[in-house]
Amino acid sequence: MSFSFRPGLEQVAAYTPGKPAPVGADGLSAKLSSNENPNDPLPSVIDAIVKTFPTSVNRYPNMATPELSEALAARLGVDAQSLVFGSGSVEVASQLIHALAGPGDEVMYAWRSFEAYPILVRAAGAVPLEVPLDAELRHDLDAMADAITERTKLVFVCTPNNPTGATVTTNELDRFMQRVPKHVLVVIDEAYVHFDVDPKSPTGLDFFARYENVAVLHTFSKAYGLAGLRVGYAIARPDVAEALRKVALPFGVTDLAQSAAVASLAAEAELQVRIDTIVEERDRVYAALKSAGLPVFPSQANFVWLEAGESTEAVNEVFRARGVSVRAFAGSGLRISIGSAIENDAVIEVAGLAAAAHMNIQTNRGPQ
């Protein structure tokens, strides 16, 4: 039997999750391919999950998310009606695309950026508009502004950017917003904002308060360590929020996820200690890889990026042999998530071998 699938579906690539970690010679198995928090949830968060579990599994979750909406609205200083939740921020990004863009409409983003953007755009029948990063692997906001057309409905600005870790500055984003037509929605995707310590970086909420055509994406998957429970949200104007609820996955945020998120908001002081440790480890890994001669770029996220080009696979094999799984983008580079101190030690341990593999490929390639 042969089915006729929707035209354009052949251009949609299935999302590729981070690969499981191999086992190294000493038994180490470090999965650093998915930007996960290496820490278990805090005891108070686990308690909230355990208390919710017996009465939540056999019932549909509360789609109104009342406790989480109230707690988050108070935390952010926004109206609860401006908050729209979904099964991770990636599902909320899908809501935004489906609500604003249809066949023939353009959705713009930098490239390389979050791998799900082109998948979500094409799945909605819209047209991806990819604008190359600049030489420092940062958003080229001037080029993005130049590329906006009458068909552009939505622009994603991922800062810090996944997978390069680079940020835009407040001044750059402000200049960009002044050039963007008012009918184009700019989505500031701040999935990694908690790890950003650069004082020049923008705050999405500030831009949401100043510009009518801004929405902000946040997630509980990264800094809060709830990737397995799937809860993210958008901060949006009432008309946008209403549209998102119309296209949201029904019952997409479980009561377990809602309880864990509320408990996490109440434990932010404890969580900040863990975030600070991840930032310190990120800077330690970056310094070691750079010292080894690897083409690593500064990051404000919970990962670092190696612009390895044609040597990507060779460098990836060095890490795999050590029992470390990283995210390799063929012909482009590798994203290494920050794990526990022991896992990060393993990355640093083979940095010299990885650098040698990289240089060997570059040397043998010869002049271009």
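## Rings and cores in a predicted model

At 1% relative accessibility, F156 counts as buried (buried means under 20% relative accessible area, exposed over 50% and partly exposed in between, using a 1.4 Å probe and protein chains only). This is a predicted model, in which local features need pLDDT of at least 70 and side-chain atom pairs count only at pLDDT 80 or more, while totals for chains, interfaces and linings use all residues. Residues are numbered from 1 along each chain as its sequence is written, and side-chain values use heavy atoms, leaving out hydrogens and water.

Let's look at the partner of F156. Y117 is also buried, at 0% relative accessible area, and the two residues form a stacked aromatic pair. Rings of Phe, Tyr and Trp (its six-membered ring) pair if their centres lie within 6.5 Å; planes under 30 degrees apart count as stacked, over 60 as edge-to-face and the rest as tilted. Y117 belongs to helix α4 (residues 116-123) and F156 to strand β5 (residues 152-158), so their pair ties together parts 39 residues apart in sequence. Helices (H or I, at least four residues) and strands (E, at least two) are DSSP runs, numbered from the N terminus. Y117 and F156 also share one aromatic cluster with Y109, W111 and F114.

The structure holds 12 aromatic pairs, and here are two of them.

| Pair | Centre to centre | Angle between planes | Type |
|---|---|---|---|
| Y117 and F156 | 4.7 Å | 25° | stacked |
| W305 and F329 | 5.7 Å | 55° | tilted |

W305 is buried at 1% relative accessible area, and F329 is buried at 9%.

Now for the cores. A nonpolar core is a set of buried Ala, Val, Leu, Ile, Met, Phe, Trp, Tyr and Cys residues joined through side-chain atoms within 4.5 Å. The largest one has 51 residues, and those with the most contacts inside it are L83, F176, V186, V214 and F220. Helix α9 (residues 255-266) gives the most to this core, with five residues. Where does this core lie relative to domain 1 and domain 2? Both domain 1 (17-41 + 268-362) and domain 2 (43-265) give residues to the core, so it lies between them; the domain bounds come from an automatic or database domain assignment. Apart from this core lies another, of 34 residues, among them L28, V304, V324 and V350.
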